[in-house]
Amino acid sequence: MKFAIDTCSLIALQYSGYLSTIVETVDIIITKKIHSELEDIGIFTDSDAAAAREILRLLHRITIMEVSQRATGEEELIEVALQKKCDFIVSDDIRAIPKLKLTNISTLFSTHLLYYLFRAGIISKEEGLIALEKMRNNRSWKENLIYISGIQLFR
Amino acid sequence: MTTQINIRLNENLLQEIDTLAHMLHVPRSEWLRMKLAEAVKEDLLKYREALAMEYTMGHISFKELQTAIGREAEDVRMISEITQKGKKEINRLFGE
């Protein structure tokens with residue numbers, strides 16, 4: 001399974017504590033721009049920066065693709081997903097969703113990757129729900145809607 | 001449009017309300033309307049996550065959610081739909 005994934009989803013999954021498991025289980029593909037964004041975020045001292053630095057340590061398990069520069073990060077993500085024939089695009093960026101939905105590739109949230117681990121028998125329902133709770137920390141209320149809705153995945 | 005409602009209040013509470021309204025030079029009903037509106041807005045902000053959860057669980061309707069949180073209800077609906085659609089697609093990967 002190939003997943004093209006954006007920066008905010010990677011950070012959310014790092015908060016969940018299962019990103020390292022995910023990169024060992026499925027193929028994760030990011031753009032060069034996302035790699036640069038993680039490096040830029042990692043300079044700071046807040047929790048997002050710490051998460052970004054941890055993600056950068058997992059890069060040996062993540063495919064980074066360079067594509068022709070586009071106006072937005074989501075356009076580059078779509079390009080990567082099409083070129084690498086990804087099964088899914090993963091984005092927690094609510095504003096980007098309408099554009100991502102225009103492609104033929106299914107759009108998922110980061111929470112779906114936790115559900116994937118659950119269905120694959122790698123984590124339990126309880127572990128999935130605890131991971132969702134960890135993802136809720138440090139996020140805005142709008143972003144939290146994804147994690148609130150994610151509870152339904154495990155019901 | 002307004003609707004008249006009748007509520008019974010404790011005598012002491014009513015005296016306190018009248019004292020405050022008198023001090024602020026506003027009619028009792030106006031002071032009550034203002035305070036009620038403030039409390040409702042505060043609670044809607046405080047419980048918007050809970051309201052979203054109630055909607056995703058099917059306990060409240062989209063109309064109720066929209067009344068409570070306004071345009072942001074559209075985002076809640078979109079997120080809920082993508083969550084359910086994505087769940088089905090992952091289930092398919094596992095042969096369902």
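**Entry 1: the sheet of chain A**

I began with the sheet: in chain A, 5 strands form an open sheet in the order β3-β2-β1-β4-β5, with parallel pairing. For the terms, two strands pair if DSSP finds at least two bridges between them; helices (H or I, at least four residues) and strands (E, at least two) are DSSP runs, numbered from the N terminus. I noted β3 (62-65) and β5 (106-108) of chain A as the edge strands, each pairing on one side only. Neighbouring strands of this sheet are turned by 30° against each other on average, direction ignored.

The model is predicted: local features need pLDDT of at least 70, side-chain atom pairs count only at pLDDT 80 or more, and totals for chains, interfaces and linings use all residues. Residues are numbered from 1 along each chain as its sequence is written, while chains are lettered from A and ligands numbered from 1 in the order in which they are written.

I then looked up one pairing: β1 (residues 2-5) and β4 (residues 88-90) of chain A pair in the parallel sense over 3 bridges. A:Ile5 has A:Val90 in β4(A) as its bridge partner. Helix α5 (residues 73-83) of chain A lies across β1, β2 (27-31), β3 and β4 of chain A, and runs at about 135° to β2(A). Such angles run from 0 to 180 degrees between N-to-C directions, with axes as lines fitted to C-alpha atoms, for helices over the stretch in contact.

**Entry 2: chain A as a whole**

I recorded 9 helices and 5 strands in chain A. The radius of gyration of chain A is 14 Å, close to the 15 Å that the globule rule gives for 155 residues, so chain A is as compact as a globular protein of that length. The radius is taken over C-alpha atoms, and the globule rule is 2.2 Å times the number of residues to the power 0.38. Along the principal axes, the C-alpha trace of chain A spans about 40 × 35 × 30 Å. Buried residues make up 43% of chain A; a residue is buried if 20 or more other C-beta atoms lie within 10 Å of its own, exposed if 12 or fewer, and partly exposed in between, with C-beta atoms placed from the backbone.

**Entry 3: chain B as a whole**

I found 5 helices and 0 strands in chain B. Its radius of gyration is 21 Å, well over the 12 Å that the globule rule gives for 96 residues, so chain B is more spread out than a compact globule. The C-alpha atoms of chain B fill a box of roughly 70 × 25 × 20 Å along the principal axes. Buried residues make up 16% of chain B. Of the 19 residues of α2(B), the number buried is 0, so this helix lies largely in the open.

**Entry 4: where the chains meet**

I looked up the interface: 17 residues of chain B are in contact with 21 residues of chain A, contact meaning C-beta atoms, placed from the backbone, within 7 Å. On the side of chain B that touches chain A, α3 (48-56) and α5 (72-93) of chain B each supply at least two residues, and α5(B) gives the most, with 11 residues.

B:Thr83 is buried, with 23 other C-beta atoms within 10 Å. Among the residues that B:Thr83 touches are A:Phe109, A:Ser149 and A:Leu153.

How values were computed. Contact = placed C-beta atoms within 7 Å. Lists of a residue's contacts leave out its neighbours within four places in sequence.
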